[in-house]
Amino acid sequence: MPMPTDYIHHAARLSRQLVLEAGPGGTPAPDAEYYTTLAKALDQIANALDQLAKRRD
């Protein structure tokens, strides 16, 4: 069964969008949605790494 990666892809899209909106030389300003999505993406990554570690044992 493949690991869910929805939040990981969503966080990547939001990151790219922030950089584009900041423009050349600008500083991206993340909002609450960005941090929430980033936290969920990191949870997905951590869960996947935990499952991979269990498979190796």
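Analyst: Happy to! Let's start with Gln44: setting aside neighbours within four places in sequence, Gln44 is in contact with Pro4, Thr5, Asp6, Tyr7 and Ile8. Keep in mind that this is a predicted model.

User: Which helix does Gln44 lie in?

Analyst: Gln44 is part of helix α2.

User: And is Gln44 buried or exposed?

Analyst: Gln44 is buried, because its relative accessible area is 12% and the cut-off for buried is under 20%.

User: Got it. Now Thr37, where is that?

Analyst: Thr37 sits in helix α2, which covers residues 32-56. Thr37 has a relative accessibility of 5%, so it counts as buried.

User: What is Thr37 in contact with, leaving aside its neighbours within four places in sequence?

Analyst: Thr37 is in contact with Tyr7, His10, Ala11 and Leu14.

User: Changing topic: how many aromatic pairs does the structure hold?

Analyst: There is one aromatic pair. Tyr34 and Tyr35 form that pair, with ring centres 5.6 Å apart and planes at 75°, so the pair is edge-to-face.

User: Why does that angle make it edge-to-face?

Analyst: The planes of Tyr34 and Tyr35 are at 75°, and an angle over 60 degrees counts as edge-to-face.

User: What about those two tyrosines, Tyr34 and Tyr35: buried or partly exposed?

Analyst: One of each! Tyr34 counts as buried at 14% relative accessibility, whereas Tyr35 is partly exposed, with a relative accessible area of 48%.

Technical notes
Residues numbered from 1 in each chain as written. Predicted model: local features only at pLDDT ≥ 70, side-chain atom pairs only at ≥ 80, totals over all residues. Heavy atoms only, no water. Helix = DSSP H or I, 4+ residues; strand = E, 2+ residues; numbered from the N terminus. Buried < 20%, exposed > 50% of the residue type's maximum accessible area, 1.4 Å probe, protein only. Contact = heavy atoms within 4.5 Å. Phe/Tyr/Trp six-rings, centres within 6.5 Å; stacked < 30°, edge-to-face > 60°.
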